[in-house]
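Let's walk through this protein together, one question at a time. Have a look at the sequence and the 3D view, then try each question before reading on.

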Amino acid sequence: MLNFTLSDQQEELRQTARKFALERVLPIAAYYDEMDETPVEILEQAFEAGIASGEIPVKYGGRGAGILDASLVTEEISAACPGIATSVFDNSLGMEPLLLCKNEALKEKYLPEFAKSFYLISFATSEPTMGSDVAGMRCKATDKGDHYVLNGTKYWVTNGGIADYYSIFATVDANEKHKGICAFFVKRDWEGVRVGKHIPKLGQRNSNTAAVHFDNVRVPKDHMLAPPGEGFILAMQTFSRTRPVIGAFAVGAARSAMEFALDYAKKRRAFGSKLTDFQAIQFKIAEMYQKVETSRLMVWKAAWEADNGIDPTITASITKFYSTEAAMEVANEALQIFGGYGYTRFFPVEKLLRYMRVYPIYEGTSEIQRMVVSGHVINSYKPVMPPLEDLPMHRDRHPDEIGVSGKPETDAWRCRICGYVHYGEAAPEECPYCFFPDSAFKKVAGD
Ligand SMILES: Cc1cc2nc3c(=O)[nH]c(=O)nc-3n(C[C@H](O)[C@H](O)[C@H](O)COP(=O)(O)OP(=O)(O)OC[C@H]3O[C@@H](n4cnc5c(N)ncnc54)[C@H](O)[C@@H]3O)c2cc1C
């Protein structure tokens, strides 16, 4: 049964997030953009309001929220500020490897504490010299018996400069690629952990991004999230569950861009008419709304799959590159509707555009999503239609001659090169259209 109705709890969660977004996030977002600073107190308030770190299972004292819940919350916060939304949701990204790992003792040690009190947990696969090529990481983990020693640098770590804990992916041997990758849960105040300066960016300025450097950091083995050989899979499983939410970021930001443009277009006059009287503007609005709505449908489907035990990898990838690129188009058109004012910092669309520009980049670029999806379609997709060479396309035979079997009464031969169908007991010596010999023909009807 198909049902797009949210449960009462989900609707309540959405309203709580919306209220928080409008009352707490929206009024302060521009200031922190200007300051290039993360409002940590807002992240803490989001936790206290019950809209952050919701996915900790009930058995560890959490709320057991699903990916759809996270998507609902994220759309609302991102609508108010895509940067603060990144920093709020980063806890879920940072915690996901802990939730997915097999280390039950580690879960019991930390998850009840994370459910009770506010902590920031970051996620790090990327490094200064690699991002997309996760298997190419160099941060080194050396086995020392009862512990590992970490050496190397992680880059682009969201909340990296302000986090309490990190899910760190490293390798025991960079030459081993996927097979060498492992993962650890690391405390920021352990000896040898250093954080870099907040990286200056085009957008997402109020979301902290920093490098985290490891200099002979001793990590006890009981803090292992994944042993060598299992870290790469853990990272990919994490992305499959967090990418739908990146789509929700895009929906929220695009929705706001559309709403602001709509408001402006209803009031601004040109050539004696309101902008909304011009069909060129009406069509832009229709397409903006279409993109917001279709993106949300994708997000909900991917989230639903993740919440219902269906591998969401492909839908999550489709969602990510569709919705993040659609959002860019929406914001760009919104800015166009604002004319010159859209280009100023007195109106909100330029910030939305700057902030959402990272969506087709982080958590796997659009190019990487296209690789994932094309790989699936080319190698695993099961077509419904018969192969072209078996296609029952009989242009030269009346349907009565073919009957219910879909096959003509006489033998039929299809040229595998040009598609011509020949009727008769044998294939022709050569194809009258492409001149290929009879070996190019395949029998498609007859005994
Ligand atoms: C604001 C921000 C926050 C981030 N937060 C985090 C975080 O919290 N944790 C974390 O681990 N990382 C984080 N990242 C890093 C992000 O995930 C990477 O930037 C992203 O994965 C791309 O990696 P890269 O920048 O190294 O680009 P590269 O991998 O060097 O790619 C450069 C370009 O080449 C393309 N390309 C690469 N390989 C191929 C290929 N095989 N075929 C076709 N095109 C290809 C890419 O799509 C891209 O366009 C963050 C980044 C930003 C900007």
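Before we talk about helices crossing, here's how it works: an axis is a line fitted to C-alpha atoms, for helices over the stretch in contact, and angles run from 0 to 180 degrees between N-to-C directions. Keep in mind that this is a predicted model.

Q: At roughly what angle do the axes of H7 and H8 cross, and are the two helices roughly parallel or roughly antiparallel?
A: The axes of H7 and H8 come within 9 Å and cross at roughly 155°. Angles over 145 degrees count as roughly antiparallel. That makes H7, relative to H8, roughly antiparallel.

Q: Which residues, by class, make up the contact of H7 with H8?
A: H7 passes H8 in a left-handed crossing. The contact between them has 14 nonpolar, four polar and six charged residues.

Q: How are H6 and H8 oriented to each other, roughly parallel or roughly antiparallel?
A: Helix H6 (residues 231–267) and helix H8 (residues 313–337) have axes that come within 8 Å and cross at roughly 20°. Angles under 35 degrees fall in the parallel class. H6 and H8 are therefore roughly parallel.

Q: What is the handedness of the H6 and H8 crossing, and how many nonpolar residues does the contact have?
A: The crossing of H6 and H8 is left-handed. By class, their contact has seven polar and two charged residues, and the nonpolar ones number 19.

Q: What span should H7 have at 1.5 Å a residue?
A: Helix H7 covers residues 279–307, which is 29 residues.

Q: Is helix H3 largely enclosed or largely open, and how many of its residues are buried?
A: Helix H3 (residues 67–80) reaches 20 Å from its first C-alpha to its last, close to the 20 Å expected at 1.5 Å a residue. H3 is largely enclosed by the rest of the structure, because its buried residues number 14 of the 14.

Q: Is Asn159 buried or exposed?
A: Asn159 sits in the loop between S3 and strand S4 (165–171). Its phi is near 65°, a positive value in a residue other than glycine. Most residues other than glycine have a negative phi. With 26 C-beta neighbours inside 10 Å, and 20 or more being the cut-off, Asn159 counts as buried.

Q: Where is Gln204 found?
A: Gln204 isn't a glycine, yet it has a positive phi of about 50°. It counts as buried because it has 26 C-beta neighbours inside 10 Å. Its place is the loop between strand S6 (193–195) and strand S7 (209–220).

Q: Which residues come nearest to the ligand?
A: The shell around the ligand has nine nonpolar, 10 polar and four charged residues. Of the 23 residues around the ligand, those that come nearest are Gly131, Ser132, Trp156, Thr365 and Glu367.

Notes
Residues numbered from 1 in each chain as written. Predicted model: local features only at pLDDT ≥ 70, side-chain atom pairs only at ≥ 80, totals over all residues. Near = placed C-beta within 6 Å. Nonpolar A, V, L, I, M, F, W, Y, C, P; charged D, E, K, R; others polar. Helix = DSSP H or I, 4+ residues; strand = E, 2+ residues; numbered from the N terminus. Expected span 1.5 Å × (residues − 1). Buried ≥ 20, exposed ≤ 12 C-beta atoms within 10 Å, placed from the backbone. Parallel < 35°, antiparallel > 145°, perpendicular 65-115°, else oblique. Left-handed = near helix turned anticlockwise from the far one by under 90°.
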